[in-house]
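The following note is intended for a reader who is meeting this structure for the first time. The points are numbered so that each may be checked against the sequence and the coordinates on display.

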Amino acid sequence: MSAVVDAPASAPRTADLLVEVQGLGRIFDVSKPWLNRVIEHAPRRLLTAAADVTFAIARRETFALVGESGSGKSTVAKMVVGLIAPTSGDVIIDGVSMHDLKHSAQRRILRRRIQMVFQDPYASLNPRWRALDIVAEPIRAFGLAHGATEVVAQVGDLLRLVGLDPADGAKYPHEFSGGQRQRIAIARALASKPEFIVCDEPTSALDVSVQAQILNLMRDLQDRLGLTYLFISHNLAVVRHMASRIGVMYLGRLVEVAPARALFSTPRHPYTRMLLDAVPDLDLTGRQRKPVEGEVPNPVNPPPGCAFHPRCPFANARCRTERPLALPAGAATVACHAVEEGRI
Amino acid sequence: MTDPVLSLRNLRVEFPTRRGTLTAIDGVSFDIAPGEVLGVVGESGAGKSITGAAVIGLIEPPGHIAGGAVYLRGQRIDNLAPEAMRKIRGKRIGMVFQDPLTSLNPLYRIGEQLVETIKTHTTLSDSAARKKALSLLTEVGIPAPETRIDNYPHQFSGGMRQRVVLALALAAEPELVIADEPTTALDVSVQAQIIALLKRLCHQHGAAVMLITHDMGVIAETADRVAVMYAGRVAEIGPVRDVIKAPLHPYTKGLMGSIPSLTGESERLTQIPGAMPRLTAIPSGCAFHPRCPRSFVPCATFRPELQPEQKSQVACWLYQPYPVTAGAVT
């Protein structure tokens with residue numbers, strides 16, 4: 001790991017950027033149907049799932065987004081791969097905008113180079129398809145093989161790459177265990193020879209011993225194939241194990257972006273500190289934890305100012321009214337008035 | 001040592017199916033002392049939840065207890081008539097399930113559900129029961145309980161609901177609380193609150209706890225002793241510090257190594273090859289032997305029993321004389 005320097009951590013120090021996420025935001029309309037609104041005089045209800053999310057990922061790097069449920073991490077992941085359109089901001093991958101209409105031709109070429117691995121391998125594999133067809137789908141869709149035998153050969157290689165037997169291709173998803181299914185999902189993601197893989201909670205549905213297998217596999221594949229990961233998780237220990245830089249999200253906004261090591265040794269944002277403090281301690285140090293008060297507020301009516309202020313022990317009048325900007329603090333980028341003013 | 005609150009002796013739970021009988025729990029024995037928190041860990045399919053359900057008599061038919069016994073304060077409870085068991089359930093054994101939304105009735109106010117539970121198990125009047133319900137809600141940390149008591153479950157957040165479920169479990173002052181993955185559905189910051197609350201409440205009420213979870217971190221923070229389950233059997237049981245810091249069974253060692261840590265270097269995780277066996281195909285001998293890096297002569301044929309080793313008990317031939325050579329090998 002490199003030394004701590006005074007550069008904003010939302011961008012890696014190398015110039016070789018693969019992914020740039022710029023001011024990404026998404027608002028969902030969660031209003032009742034029109035007739036109900038008219039009869040009940042209910043206003044529209046808008047949910048800001050993500051706002052002003054800015055970060056960049058260098059080639060062969062793993063960038064992780066962590067946060068509790070409702071923090072908007074999966075929404076950001078889906079916008080990055082283009083599964084949902086942003087309300088504001090843009091995602092630039094290798095110079096091509098994922099959402100600008102002008103780039104639609106280049107985007108079609110770019111698509112092959114981006115893949116996604118989802119959380120639940122029970123839901124992300126078609127139960128009526130054999131593993132062979134599941135893994136072969138991207139190969140066929142992008143026309144990466146000529147003839148059936150070549151497809152089968154490529155699928156066999158992919159299955160071997162993720163630690164399965166090529167003969168497993170004849171089986172259906174229900175014949176595999178959870179860990180094996182996630183291996184199939186990874187093989188499918190690798191089938192189009194991508195450079196960038198978005199992993200949305202890839203191990204949350206798995207047992208710890210199987211999780212260890214999948215995390216090790218993902219790291220090996222990254223080393224062998226030079227992959228770039230955007231890794232989404234709520235598990236701080238998993239993120240620490242996988243990522244080189246980490247973004248912490250709270251109620252749709254990035255509160256802190258920092259190199260992995262710095263985030264765990266010197267967490268700056270009060271929310272990051274709270275998260276780290278709340279993780280159960282496996283080392284039995286007997287440290288006294290001050291339990292955090294409260295829960296994540298409803299994102300439909302987020303608190304004004306800094307969204308974390310009702311739970312924050314350092315909040316003052318400014319925090320309650322003025323939204324903090326993301327500013328560099330040491331090796332990190334932190335959105336917090338208390339950090340900016342040097343109060344903590 | 002005082003008499004245990006709960007004793008399991010060689011408990012065996014079977015599920016008859018069309019393709020033969022599945023043994024979900026196979027010879028599980030342990031004790032829980034008064035006021036003790038026993039953690040039960042294992043991966044999915046290890047039989048931890050079935051163990052909890054067997055104790056409280058809630059195994060779904062056609063599953064049934066096929067052998068062994070469950071004792072509550074020395075009284076055998078696994079063969080009781082349904083009506084007698086119903087009197088114990090809730091009164092002497094409280095239960096906390098994983099998902100607070102499914103363990104509360106969405107159609108009744110929180111207060112009604114608490115009062116119903118209190119009145120079922122005590123002789124209190126309506127007003128006294130409501131007063132008790134209010135004090136329970138205050139105790140579990142619900143803000144403004146006087147107004148919240150008349151709310152419905154959907155008006156509570158996940159963490160608050162789990163607090164209500166804790167209040168329900170403790171309403172009749174049970175001797176034992178079975179908590180089955182009480183924090184798995186919650187975010188990490190709320191999880192810390194609920195664990196602290198569970199620990200404090202059970203300590204104050206003098207209730208013993210059987211804490212079922214897959215999360216070693218939760219066990220490390222909460223339990224006094226821990227039982228590690230694998231394929232329906234207890235692989236290792238001992239004081240939490242010994243099991244976590246110096247695990248004996250190769251499965252426990254692998255399990256501890258596979259957990260990513262918040263401290264130390266982030267090198268490769270230890271991985272256990274393979275996956276938990278399906279109930280239809282439990283290996284012979286020691287159920288862990290096909291995945292075990294240290295399996296040897298007796299493991300595939302003979303099943304090891306729990307034997308005392310240091311401060312723990314472990315079911316592994318590495319720590320006991322094995323039957324192939326008649327001589328003593330330790």
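1. Two strands are taken to pair if DSSP finds at least two bridges between them. Helices (H or I, at least four residues) and strands (E, at least two) are DSSP runs, numbered from the N terminus. With these terms, E236(B) stands opposite V314(B) in β12(B). The two strands concerned, β10 (residues 233-239) and β12 (residues 312-314) of chain B, run antiparallel and are joined by two bridges.

2. On the basis of the note: this is a predicted model, in which local features need pLDDT of at least 70 and side-chain atom pairs count only at pLDDT 80 or more, while totals for chains, interfaces and linings use all residues. Residues are numbered from 1 along each chain as its sequence is written, and chains are lettered from A and ligands numbered from 1 in the order in which they are written.

3. The sheet of chain B is open and has eight strands in the order β6-β7-β8-β3-β9-β10-β12-β11, with mixed pairing. Its edges are formed by β6 (93-96) and β11 (307-309) of chain B; each has a single partner strand, so one side of each lacks a neighbour in the sheet. From one strand to the next, the twist averages 20°.

4. Strand β8 (residues 208-213) of chain B deserves attention. A residue counts as buried if 20 or more other C-beta atoms lie within 10 Å of its own, as exposed if 12 or fewer do, and as partly exposed in between, with C-beta atoms placed from the backbone. Six of the six residues of β8(B) are buried, so this strand is largely enclosed by the rest of the structure. In a regular strand the side chains alternate between the two faces of the sheet. In β8(B) both faces are covered, with A208(B), M210(B) and I212(B) buried on one side and V209(B), L211(B) and T213(B) buried on the other.

5. The pairing of β8(B) may be read on each side. Strand β3 (residues 37-41) of chain B pairs with β8(B) in the parallel sense over five bridges, and L38(B) has M210(B) as its bridge partner. Five bridges also join β7(B) to β8(B), again running parallel, and here V177(B) stands opposite V209(B).

6. Helices of chain B come next. Two residues are in contact if their C-beta atoms, placed from the backbone, lie within 7 Å. Axes are lines fitted to C-alpha atoms, for helices over the stretch in contact, and angles run from 0 to 180 degrees between N-to-C directions. Helix α7 (residues 158-170) of chain B lies across β6 and β7 (176-180) of chain B, at about 170° to β6(B). Helix α4 (residues 110-121) of chain B has buried residues I110(B), Q113(B), L114(B), V115(B), T117(B) and I118(B), which pack against α5 (126-139), α6 (145-148) and α7 of chain B.

7. Chain A also holds an open sheet of eight strands, with mixed pairing and the order β6-β7-β8-β3-β9-β10-β12-β11. Here β6 (114-117) and β11 (327-329) of chain A are the edge strands, each with a single partner strand, so one side of each has no neighbour in the sheet. The twist averages 20° from one strand to the next. Strands β10 (residues 253-259) and β12 (residues 332-334) of chain A pair in the antiparallel sense over two bridges, and E256(A) has V334(A) as its bridge partner. Helix α6 (residues 178-190) of chain A lies across β6 and β7 (196-200) of chain A and runs at about 175° to β6(A).

8. How many residues of chain A are in contact with chain B? There are 33, and they meet 36 residues of chain B. Elements giving two or more residues to this side of chain A are α7 (208-225), α8 (236-242) and α10 (270-278) of chain A. The largest share, seven residues, comes from α7(A). By class, this side has 18 nonpolar, eight polar and seven charged residues; Ala, Val, Leu, Ile, Met, Phe, Trp, Tyr, Cys and Pro count as nonpolar, Asp, Glu, Lys and Arg as charged, and the others, Gly among them, as polar.

9. A last point concerns S31(A), in the loop between β1 (17-29) and α1 (34-40) of chain A. S31(A) is partly exposed, with 14 other C-beta atoms within 10 Å. Not counting residues up to four places away in sequence, S31(A) touches R37(A), R44(A) and R45(A).
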